[in-house]
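Thanks for coming, everyone. I have one structure to walk through today. Please have a look at it on the screen before I start.

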Amino acid sequence: MKLFIEKYLLKTNIWVALCFTGLFIFFQLGLYEKILSVWGIVFFGTLAIYNFSRIKTLNEFFQFHSEKRMQIILTYVGLIVTLIFVLLRGFELKTFLYLGVLGFISFCYSLPFSGLGLRAIPFLKLFLIAFVWAGSSIGLLLVVHQAVFQHSLLFLSVFLFVIGITIPFDIRDSASDEKELKTIPQVIGIKNSKILALLSLILSGFLFYLEFREFNLLVISWFISLLISFVLISLSSIKKSDFYYSFWLEGTSLLPLLIYLALNLF
């Protein structure tokens, strides 16, 4: 089972696309009506961006016979299907502009050619990831439904949650990352980085509760997800396998939806 997950879910980035889409669906089901076409935009857009980031050279991007063939194919498929869903769904001009800005930032961050991506800029990597994830999940929903200021605390909560679960990935890569990147663990150390990640989760939970000021199913689901994430981050270390980070820790963004659906059964 582990080999199957690594080959068909992790290496293809289908798992991260599923997890991110799950985070989006969690907020959509809890706050608004479900719109399947938007699920498609989020899933295939994420699939395209993450596979694009795995391509190392410009020539490789146009060579389907290279060792990155699967990533190249999934990038093209993701882009095409995302465009189809966008055209079928139809949005107001401001939503198109919002999607364009997020897409541009994601493209510039993931740009893999010769280290040109925004992720190569010191200190910026972590915050760009958090901004794009928050902006593409709860942020996109708020723009579509014209409620940006109505649920602004949710945006900040998701932003902090993503920071919390992303810092351990920098801890994992701290030995191999170039020193010029100046990631959080490189600057403040591994122990302090874990403390910062845990504090981010705590603050995320606090802001999430302030948004609703009651323990409804959304808040309970979020709190349980934070608790599980708290444990996984506490146990993270350089010695942990890549599977621990890429599957279990990445999967924490899918937890709110799974817990919310489970609670709705009772």
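I will go from the overall fold to a few local spots.

First, a caution: this is a predicted model. Keep that in mind throughout.

Now the overall picture. How many helices and strands are there in the protein? There are 14 helices and zero strands. The protein has 266 residues, and 52% of them count as buried. Next, contacts along the chain. Take contacts between residues at least 6 apart in sequence: 70% of these join residues at least 24 apart.

Let's go inside. The largest nonpolar core has 56 residues. Which residues touch the most other members? They are Phe 24, Phe 26, Phe 27, Val 158, Phe 208 and Trp 222. Helix α9 gives this core its largest share, 10 residues. As a general point, nonpolar side chains tend to be buried together in soluble globular proteins.

Let me pick out Val 158. Set aside its neighbours within four places in sequence. Val 158 is then in contact with Leu 23, Phe 27, Ala 134, Ser 137, Ile 138 and Trp 222.

Next, a pair of helices. Helix α2 covers residues 14-31, and helix α14 covers residues 255-263. Their axes are 7 Å apart, and they pack at an angle of about 40°. That angle makes α2 oblique to α14. Who meets whom? From α2 come Gly 22, Leu 23, Ile 25, Phe 26, Leu 29 and Gly 30. From α14 come Pro 256, Leu 257, Tyr 260 and Leu 261. What classes of residue make up the contact of α2 with α14? Eight are nonpolar, two are polar and none is charged.

Now look at α13. Is α13 mostly covered or mostly open? Mostly covered: six of its eight residues are buried. Those six are Phe 243, Tyr 244, Tyr 245, Ser 246, Phe 247 and Leu 249. What do the buried residues of α13 pack against? They pack against α1, α2, α9 and α12.

Stay with α13 for the salt bridge. A search of the whole structure finds one. The side chains of Arg 172 and Asp 242 meet there, at 2.6 Å from N to O. Why does this pair tie together parts that are 70 residues apart in sequence? Because Arg 172 lies in α9, residues 152-173, while Asp 242 lies in α13, residues 242-249. Both partners are partly exposed. For Arg 172 the relative accessible area is 22%. For Asp 242 the value is 44%.

Asn 13 is not a glycine, yet has a positive phi of about 65°. Asn 13 sits in the loop between α1 and α2. Arg 213 is not a glycine either, and has a positive phi of about 55°. Its place is in the loop between α11 and α12. Are these residues buried or exposed? Asn 13 is buried, with a relative accessible area of 3%. Arg 213 counts as exposed, at 60%.

That is my tour. Questions are welcome.

Terms used. Residues are numbered from 1 along each chain as its sequence is written. This is a predicted model: local features need pLDDT of at least 70, side-chain atom pairs count only at pLDDT 80 or more; totals for chains, interfaces and linings use all residues. Side-chain values use heavy atoms; hydrogens and water are left out. Axes are lines fitted to C-alpha atoms, for helices over the stretch in contact, and angles run from 0 to 180 degrees between N-to-C directions. Helices (H or I, at least four residues) and strands (E, at least two) are DSSP runs, numbered from the N terminus. Angles under 35 degrees count as roughly parallel, over 145 as roughly antiparallel, 65 to 115 as roughly perpendicular and the rest as oblique. Contact means heavy atoms within 4.5 Å. Ala, Val, Leu, Ile, Met, Phe, Trp, Tyr, Cys and Pro count as nonpolar, Asp, Glu, Lys and Arg as charged, and the others, Gly among them, as polar. A salt bridge is a side-chain nitrogen of Lys or Arg within 4 Å of a carboxyl oxygen of Asp or Glu. Buried means under 20% relative accessible area, exposed over 50%, partly exposed in between (1.4 Å probe, protein chains only). A nonpolar core is a set of buried Ala, Val, Leu, Ile, Met, Phe, Trp, Tyr and Cys residues joined through side-chain atoms within 4.5 Å.
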